[in-house]
Amino acid sequence: MNSFGDLSPRTSGVYFKDMSPREGGETSANGDITVASRFAQISCFTFEQYEEVFGVLFHEMMHSTDNAITVLHEGFGDQKTRNHSRIYDRGAYELLRSFTGRNDIPRGDLWGNPGNKPVDIRKMYEKYRSRTKACKC
Ligand SMILES: [Zn+2]
């Protein structure tokens with residue numbers, strides 16, 4: 001996630017807990033990130049699973065970068081804040097940019113400051129596979 005210079009998560013680690021299938025992760029007011037424990041049970045992600053985890057972590061890292069009041073506001077009250085839609089749009093923007101390799105996608109109103117170059121999720125996935133024992137068969 002080093003390619004995202006505007007991320008500065010306050011989390012002290014990534015935690016796991018059981019969540020419903022439609023939930024992927026959450027961030028507490030103190031910035032701690034928790035992701036669904038179903039992800040921890042997978043020894044070698046498919047590309048689709050890897051992409052999902054990437055999306056969840058990126059989303060929660062944006063929340064974790066936001067201040068505690070914003071996180072509390074969005075966690076317990078209004079999920080449809082302008083900031084939250086900026087977070088969703090930034091996630092979609094980065095995925096689209098990665099898959100198309102294009103940098104001329106209209107940005108709209110996004111969270112943070114996107115870097116100059118798209119991240120290459122396919123390449124990240126290949127690296128993940130080559131360093132993960134369970135992926136070698
Ligand atoms: Zn969110």
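H2 and helix H5 (residues 121–131) pack with their axes 10 Å apart, at an angle of about 110°. Axes here are lines fitted to C-alpha atoms, for helices over the stretch in contact, and angles run from 0 to 180 degrees between N-to-C directions. Helices are DSSP runs of H or I with at least four residues, strands are E runs of at least two, and both are numbered from the N terminus. H2 and H5 are therefore roughly perpendicular to each other. For the wording, angles under 35 degrees count as roughly parallel, over 145 as roughly antiparallel, 65 to 115 as roughly perpendicular and the rest as oblique.

On the H2 side, Phe47, Tyr50, Glu51 and Phe54 make the contact, and on the H5 side Ile121, Tyr125 and Tyr128. Contact means that the C-beta atoms of two residues, placed from the backbone, lie within 7 Å. By class, the residues of the contact of H2 with H5 are six nonpolar, no polar and one charged. Ala, Val, Leu, Ile, Met, Phe, Trp, Tyr, Cys and Pro count as nonpolar, Asp, Glu, Lys and Arg as charged, and the others, Gly among them, as polar.

A word on the source. This is a predicted model, in which local features need pLDDT of at least 70 and side-chain atom pairs count only at pLDDT 80 or more, while totals for chains, interfaces and linings use all residues. Residues are numbered from 1 along each chain as its sequence is written.

Next, the other helix pair. The axes of H2 (residues 47–65) and H4 (residues 82–100) come within 10 Å and cross at roughly 140°, so H2 and H4 are oblique to each other. Gly55, Phe58, His59, Met62 and His63 of H2 meet Ile87, Arg90, Gly91, Glu94 and Leu95 of H4. The contact of H2 with H4 comprises four nonpolar, four polar and two charged residues.

Now the whole chain. Its secondary structure comes to five helices and three strands, in the order β-β-β-α-α-α-α-α along the sequence. The C-alpha atoms fill a box of roughly 45 × 40 × 25 Å, taken along the principal axes.

Of the 137 residues, 18% count as buried, that is, with 20 or more other C-beta atoms within 10 Å of their own, C-beta atoms being placed from the backbone. Among contacts with a separation of 6 or more, 49% are between residues 24 or more positions apart.

Note on methods
A residue is buried if 20 or more other C-beta atoms lie within 10 Å of its own, exposed if 12 or fewer, and partly exposed in between; C-beta atoms are placed from the backbone.
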